[in-house]
Amino acid sequence: MQEMVLGVRSSAWSKRGLTLNEQFKAIASHGFKFINVIFDPDQSAAERAEAKKVLDDLGLYSGQMGVDVSSYTSQAGPDSWKLWVDMGKRKVDFQSELGGKQIVMVAGRYSTDYPWQYAWVDSVRSMQTVCDYAAQAGQVVVLEYEPEIHYVTNTYEGTLTYLTHVDRDNFMINIDIGHMNCMQTPFRAVHLLRQLIPQCHITDNDGTEHHGGPIGTGTTDIAKWMEVLAPFVEETCAKIGEIPSAAIEFGSTDPDAEIERIKAHLKSIGVNLPLQF
(Lines give C-alpha, C1' and ligand atoms only; values in the text may rest on other atoms or scores of the structure.)
Protein backbone atom coordinates (compact mmCIF):
# COMPACT_ATOMS: atom_id res chain seq x y z
CA MET A 1 0.00 0.00 0.00
CA GLN A 2 1.42 3.38 -1.00
CA GLU A 3 2.50 5.77 1.75
CA MET A 4 0.73 9.10 2.11
CA VAL A 5 2.60 11.99 0.48
CA LEU A 6 2.71 15.68 1.33
CA GLY A 7 1.12 18.03 -1.17
CA VAL A 8 0.04 21.66 -1.25
CA ARG A 9 -2.94 23.71 -2.39
CA SER A 10 -2.14 26.36 -4.97
CA SER A 11 -4.42 29.03 -3.49
CA ALA A 12 -1.66 30.89 -1.63
CA TRP A 13 0.01 31.62 -4.97
CA SER A 14 -3.19 32.20 -6.96
CA LYS A 15 -4.24 34.88 -4.48
CA ARG A 16 -0.94 36.68 -5.17
CA GLY A 17 -1.99 37.07 -8.81
CA LEU A 18 0.18 34.33 -10.34
CA THR A 19 -1.10 32.55 -13.42
CA LEU A 20 -1.75 28.84 -13.14
CA ASN A 21 1.51 28.03 -14.94
CA GLU A 22 3.42 30.37 -12.62
CA GLN A 23 1.78 28.66 -9.64
CA PHE A 24 2.92 25.26 -10.91
CA LYS A 25 6.50 26.45 -11.34
CA ALA A 26 6.62 28.11 -7.93
CA ILE A 27 5.27 25.01 -6.17
CA ALA A 28 7.61 22.67 -8.06
CA SER A 29 10.57 24.80 -6.94
CA HIS A 30 9.83 23.73 -3.35
CA GLY A 31 10.07 20.04 -4.20
CA PHE A 32 6.35 19.23 -4.33
CA LYS A 33 4.92 16.83 -6.89
CA PHE A 34 1.33 16.67 -5.59
CA ILE A 35 -0.73 19.81 -6.04
CA ASN A 36 -4.35 20.77 -5.38
CA VAL A 37 -5.25 23.03 -8.27
CA ILE A 38 -7.56 26.03 -7.94
CA PHE A 39 -9.86 26.14 -10.97
CA ASP A 40 -10.21 29.46 -12.77
CA PRO A 41 -13.56 29.45 -14.60
CA ASP A 42 -12.34 32.20 -16.96
CA GLN A 43 -9.52 30.11 -18.45
CA SER A 44 -9.69 29.42 -22.18
CA ALA A 45 -9.24 26.00 -23.76
CA ALA A 46 -5.78 27.07 -24.99
CA GLU A 47 -4.77 28.15 -21.47
CA ARG A 48 -5.95 24.83 -20.04
CA ALA A 49 -3.96 22.93 -22.67
CA GLU A 50 -0.83 24.92 -21.83
CA ALA A 51 -1.40 24.26 -18.12
CA LYS A 52 -1.49 20.52 -18.84
CA LYS A 53 1.82 20.76 -20.73
CA VAL A 54 3.52 22.69 -17.90
CA LEU A 55 2.12 20.28 -15.31
CA ASP A 56 3.53 17.31 -17.22
CA ASP A 57 6.88 18.99 -17.92
CA LEU A 58 7.34 19.65 -14.20
CA GLY A 59 6.26 16.13 -13.23
CA LEU A 60 3.37 17.40 -11.11
CA TYR A 61 0.13 15.58 -10.34
CA SER A 62 -3.23 17.32 -10.03
CA GLY A 63 -4.51 15.75 -6.86
CA GLN A 64 -7.72 17.63 -6.15
CA MET A 65 -9.48 20.26 -8.25
CA GLY A 66 -10.93 23.04 -6.11
CA VAL A 67 -12.24 26.54 -6.58
CA ASP A 68 -12.50 29.73 -4.56
CA VAL A 69 -15.56 28.86 -2.46
CA SER A 70 -16.99 32.39 -2.55
CA SER A 71 -17.12 32.31 -6.35
CA TYR A 72 -20.06 29.92 -6.37
CA THR A 73 -21.54 29.76 -2.86
CA SER A 74 -21.90 33.45 -2.02
CA GLN A 75 -25.61 33.34 -2.82
CA ALA A 76 -28.21 31.12 -1.17
CA GLY A 77 -31.40 30.32 -3.02
CA PRO A 78 -33.04 27.85 -5.40
CA ASP A 79 -31.60 29.64 -8.44
CA SER A 80 -28.00 29.24 -7.23
CA TRP A 81 -27.81 25.49 -7.89
CA LYS A 82 -27.58 25.73 -11.67
CA LEU A 83 -24.34 27.69 -11.31
CA TRP A 84 -23.20 25.31 -8.58
CA VAL A 85 -23.74 22.20 -10.75
CA ASP A 86 -22.18 23.90 -13.78
CA MET A 87 -19.09 24.75 -11.76
CA GLY A 88 -18.82 21.16 -10.56
CA LYS A 89 -19.06 19.77 -14.08
CA ARG A 90 -16.45 22.23 -15.36
CA LYS A 91 -14.09 21.17 -12.60
CA VAL A 92 -14.60 17.54 -13.63
CA ASP A 93 -13.76 18.44 -17.24
CA PHE A 94 -10.58 20.33 -16.36
CA GLN A 95 -9.44 17.70 -13.88
CA SER A 96 -9.89 15.07 -16.60
CA GLU A 97 -7.72 17.17 -18.91
CA LEU A 98 -5.01 17.39 -16.23
CA GLY A 99 -5.16 13.66 -15.51
CA GLY A 100 -6.45 13.91 -11.94
CA LYS A 101 -9.17 11.88 -10.23
CA GLN A 102 -10.75 14.15 -7.58
CA ILE A 103 -12.77 17.33 -7.39
CA VAL A 104 -13.73 18.92 -4.09
CA MET A 105 -17.15 20.46 -3.44
CA VAL A 106 -18.91 22.15 -0.56
CA ALA A 107 -22.62 21.59 -0.03
CA GLY A 108 -23.87 25.14 -0.54
CA ARG A 109 -25.73 27.55 1.70
CA TYR A 110 -29.09 28.37 3.22
CA SER A 111 -30.47 31.66 4.59
CA THR A 112 -33.40 33.14 6.46
CA ASP A 113 -35.21 33.51 3.11
CA TYR A 114 -34.16 30.04 1.91
CA PRO A 115 -34.56 27.67 4.86
CA TRP A 116 -32.16 24.83 5.62
CA GLN A 117 -34.61 22.04 4.80
CA TYR A 118 -35.13 23.37 1.25
CA ALA A 119 -31.41 23.96 0.75
CA TRP A 120 -30.67 20.43 1.98
CA VAL A 121 -32.95 18.78 -0.59
CA ASP A 122 -31.67 20.98 -3.43
CA SER A 123 -28.07 20.40 -2.38
CA VAL A 124 -28.41 16.61 -2.23
CA ARG A 125 -30.04 16.47 -5.67
CA SER A 126 -27.41 18.80 -7.14
CA MET A 127 -24.55 16.82 -5.60
CA GLN A 128 -26.00 13.62 -7.05
CA THR A 129 -25.99 15.27 -10.48
CA VAL A 130 -22.33 16.25 -10.15
CA CYS A 131 -21.41 12.78 -8.85
CA ASP A 132 -23.15 11.07 -11.77
CA TYR A 133 -21.32 13.34 -14.22
CA ALA A 134 -18.00 12.72 -12.47
CA ALA A 135 -18.57 8.94 -12.48
CA GLN A 136 -18.70 8.97 -16.28
CA ALA A 137 -15.19 10.49 -16.21
CA GLY A 138 -13.94 8.00 -13.62
CA GLN A 139 -13.63 10.70 -10.97
CA VAL A 140 -14.42 10.99 -7.28
CA VAL A 141 -16.34 13.93 -5.79
CA VAL A 142 -14.99 14.87 -2.37
CA LEU A 143 -17.07 16.84 0.14
CA GLU A 144 -15.48 19.39 2.43
CA TYR A 145 -17.76 20.69 5.13
CA GLU A 146 -17.45 24.36 6.07
CA PRO A 147 -17.82 24.83 9.86
CA GLU A 148 -19.75 28.10 9.65
CA ILE A 149 -23.41 28.93 10.00
CA HIS A 150 -25.51 28.97 6.81
CA TYR A 151 -23.57 26.14 5.16
CA VAL A 152 -25.77 23.11 4.53
CA THR A 153 -23.18 20.78 6.08
CA ASN A 154 -21.50 22.76 8.84
CA THR A 155 -21.04 19.95 11.38
CA TYR A 156 -19.31 16.59 11.27
CA GLU A 157 -22.52 14.79 12.23
CA GLY A 158 -24.49 16.57 9.51
CA THR A 159 -21.81 15.64 7.01
CA LEU A 160 -22.22 11.95 7.82
CA THR A 161 -25.97 12.21 7.18
CA TYR A 162 -25.36 14.11 3.95
CA LEU A 163 -23.06 11.33 2.71
CA THR A 164 -25.81 8.76 3.18
CA HIS A 165 -28.43 10.95 1.49
CA VAL A 166 -26.31 11.59 -1.61
CA ASP A 167 -25.68 7.83 -1.76
CA ARG A 168 -23.17 7.61 -4.61
CA ASP A 169 -20.21 5.22 -4.72
CA ASN A 170 -17.91 7.99 -5.98
CA PHE A 171 -18.91 10.45 -3.24
CA MET A 172 -16.37 10.73 -0.43
CA ILE A 173 -15.15 13.22 2.16
CA ASN A 174 -12.07 15.34 2.64
CA ILE A 175 -10.95 15.82 6.23
CA ASP A 176 -9.61 19.31 6.94
CA ILE A 177 -7.97 18.92 10.34
CA GLY A 178 -8.42 22.61 11.15
CA HIS A 179 -12.16 22.19 10.64
CA MET A 180 -12.13 19.18 12.93
CA ASN A 181 -10.24 21.20 15.54
CA CYS A 182 -12.58 24.21 15.62
CA MET A 183 -15.61 21.90 15.77
CA GLN A 184 -14.00 19.90 18.64
CA THR A 185 -14.37 16.65 16.67
CA PRO A 186 -12.71 13.68 18.45
CA PHE A 187 -10.01 11.70 16.67
CA ARG A 188 -11.96 8.46 16.85
CA ALA A 189 -14.84 9.98 14.86
CA VAL A 190 -13.05 9.34 11.57
CA HIS A 191 -13.35 5.59 12.12
CA LEU A 192 -16.90 5.97 10.79
CA LEU A 193 -15.43 7.05 7.46
CA ARG A 194 -13.20 4.08 6.67
CA GLN A 195 -12.48 3.85 2.92
CA LEU A 196 -14.17 7.21 2.34
CA ILE A 197 -11.23 9.65 2.88
CA PRO A 198 -9.02 10.05 -0.22
CA GLN A 199 -7.23 13.14 1.10
CA CYS A 200 -6.85 15.38 4.15
CA HIS A 201 -5.96 19.06 4.43
CA ILE A 202 -3.44 20.46 6.90
CA THR A 203 -4.66 23.74 8.41
CA ASP A 204 -4.53 25.25 11.89
CA ASN A 205 -6.59 27.51 14.17
CA ASP A 206 -7.15 28.33 17.84
CA GLY A 207 -10.00 25.83 18.26
CA THR A 208 -12.77 28.39 17.77
CA GLU A 209 -12.12 30.37 14.57
CA HIS A 210 -12.38 28.63 11.20
CA HIS A 211 -9.75 30.81 9.57
CA GLY A 212 -6.87 30.64 12.01
CA GLY A 213 -3.31 31.83 12.04
CA PRO A 214 -0.23 30.33 10.40
CA ILE A 215 0.18 26.57 10.59
CA GLY A 216 1.94 25.68 13.83
CA THR A 217 0.63 28.64 15.84
CA GLY A 218 -2.79 27.23 16.76
CA THR A 219 -4.13 24.37 18.85
CA THR A 220 -4.64 21.75 16.12
CA ASP A 221 -2.75 18.58 17.02
CA ILE A 222 -1.35 18.14 13.52
CA ALA A 223 0.94 15.22 14.35
CA LYS A 224 -1.86 13.25 16.01
CA TRP A 225 -4.30 13.90 13.19
CA MET A 226 -1.73 12.74 10.62
CA GLU A 227 -1.12 9.59 12.64
CA VAL A 228 -4.86 8.88 12.83
CA LEU A 229 -5.70 9.75 9.23
CA ALA A 230 -2.78 8.23 7.31
CA PRO A 231 -4.04 4.61 7.34
CA PHE A 232 -7.57 5.67 6.38
CA VAL A 233 -6.37 7.83 3.47
CA GLU A 234 -3.97 5.12 2.30
CA GLU A 235 -6.68 2.44 2.45
CA THR A 236 -9.20 4.60 0.59
CA CYS A 237 -6.73 5.47 -2.16
CA ALA A 238 -5.67 1.85 -2.59
CA LYS A 239 -9.34 1.06 -3.23
CA ILE A 240 -9.85 3.78 -5.86
CA GLY A 241 -6.39 3.76 -7.47
CA GLU A 242 -5.37 7.20 -6.22
CA ILE A 243 -2.26 8.67 -4.59
CA PRO A 244 -2.86 9.13 -0.83
CA SER A 245 -2.06 12.65 0.28
CA ALA A 246 -2.17 15.33 2.93
CA ALA A 247 -2.31 18.79 1.35
CA ILE A 248 -1.06 21.92 3.08
CA GLU A 249 -3.57 24.76 2.84
CA PHE A 250 -2.47 28.23 3.87
CA GLY A 251 -2.51 31.92 3.06
CA SER A 252 0.43 34.31 3.07
CA THR A 253 1.72 37.49 1.51
CA ASP A 254 4.96 35.58 0.88
CA PRO A 255 3.93 32.00 0.08
CA ASP A 256 7.42 30.92 -0.97
CA ALA A 257 8.91 31.77 2.40
CA GLU A 258 5.89 30.52 4.32
CA ILE A 259 5.79 27.09 2.66
CA GLU A 260 9.42 26.48 3.65
CA ARG A 261 8.60 27.47 7.24
CA ILE A 262 5.63 25.09 7.25
CA LYS A 263 7.71 22.22 5.86
CA ALA A 264 10.31 22.77 8.59
CA HIS A 265 7.61 22.95 11.28
CA LEU A 266 6.01 19.69 10.15
CA LYS A 267 9.36 17.93 10.34
CA SER A 268 9.96 19.38 13.81
CA ILE A 269 6.76 17.76 15.12
CA GLY A 270 7.47 14.40 13.50
CA VAL A 271 5.35 14.72 10.36
CA ASN A 272 7.84 13.42 7.80
CA LEU A 273 5.67 12.72 4.77
CA PRO A 274 7.56 12.39 1.47
CA LEU A 275 7.14 14.99 -1.27
CA GLN A 276 7.72 12.40 -4.03
CA PHE A 277 5.50 9.51 -5.01
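## A polar contact at Arg-9

The side chain of Arg-9 makes a polar contact with the side chain of Ser-11, at 3.1 Å. A polar contact here is a pair of N or O atoms within 3.5 Å; within protein, one must be able to donate a hydrogen and the other to accept it, and residues adjacent in sequence count only if both atoms are side-chain atoms. The structure is a predicted model, in which local features need pLDDT of at least 70 and side-chain atom pairs count only at pLDDT 80 or more, while totals for chains, interfaces and linings use all residues. Residues are numbered from 1 along each chain as its sequence is written, and side-chain values use heavy atoms, with hydrogens and water left out.

Arg-9 belongs to strand S1. Helices (H or I, at least four residues) and strands (E, at least two) are DSSP runs, numbered from the N terminus. With a relative accessible area of 17%, Arg-9 is buried; this term means under 20% relative accessible area, whereas exposed means over 50% and partly exposed lies in between (1.4 Å probe, protein chains only). Leaving aside residues up to four places away in sequence, Arg-9 touches Asn-36, Ile-38, Val-67, Ile-248 and Glu-249, where contact means heavy atoms within 4.5 Å. By contrast, the C-alpha atoms of Arg-9 and Gly-108 are separated by 21 Å, the two residues being 99 apart along the chain.

Strand S1 spans residues 5-9, and 5 of its 5 residues are buried. In a regular strand the side chains alternate between the two faces of the sheet. In S1 both faces are covered: Val-5, Gly-7 and Arg-9 lie on one side, Leu-6 and Val-8 on the other, and all are buried.

S1 pairs with strand S9 (residues 245-248) in the parallel sense, over 4 bridges; two strands pair if DSSP finds at least two bridges between them. Within S9, Ile-248 is the bridge partner of Val-8. S1 is also joined by 2 bridges to strand S2 (residues 34-38), and these strands run parallel.

Strand S7 (residues 175-176) pairs with S8 in the parallel sense over 2 bridges, and Asp-176 has His-201 as its bridge partner in S8. S8 is joined to S9 by 4 bridges, again running parallel. In S9, Ala-247 stands opposite His-201.

## The largest nonpolar core

In soluble globular proteins, nonpolar side chains tend to be buried together. A nonpolar core is defined as a set of buried Ala, Val, Leu, Ile, Met, Phe, Trp, Tyr and Cys residues joined through side-chain atoms within 4.5 Å. The largest one in this model has 76 residues, of which Met-127, Tyr-162, Ile-175, Ile-202, Met-226 and Ile-248 touch the most other members. Helix H9 (residues 222-240) supplies the largest share of this core, with 9 residues.

Met-226 touches Met-4, Ile-177, Cys-200, Ile-202, Ala-246, Val-271 and Leu-273, not counting residues up to four places away in sequence. Ile-248, another of the core members with the most such contacts, is the bridge partner of Val-8.

## Salt bridges

Side chains of opposite charge can pair when their charged atoms come close. The whole structure contains 9 salt bridges, each defined as a side-chain nitrogen of Lys or Arg within 4 Å of a carboxyl oxygen of Asp or Glu. One of them joins Asp-56 and Lys-52 at 3.1 Å, N to O. Both residues lie in helix H3 (residues 45-58), 4 residues apart, about one turn of the helix. Asp-56 is partly exposed at 42% relative accessible area, and Lys-52 also counts as partly exposed, at 25%.

Another salt bridge brings together Glu-235 and Arg-194, at 3.0 Å, N to O. This pair links distant parts of the chain, 41 residues apart: Glu-235 is in helix H9, and Arg-194 is in the loop between helix H8 (177-182) and strand S8 (199-202). Glu-235 counts as buried at 17% relative accessibility, whereas Arg-194 is exposed, with a relative accessible area of 55%. Lys-263 and Glu-260 also form a salt bridge, their closest N and O atoms being 3.1 Å apart. These two are separated by about one helical turn because they are 3 residues apart in helix H10 (residues 255-268). Lys-263 counts as buried at 16%, and Glu-260 as partly exposed at 35%.
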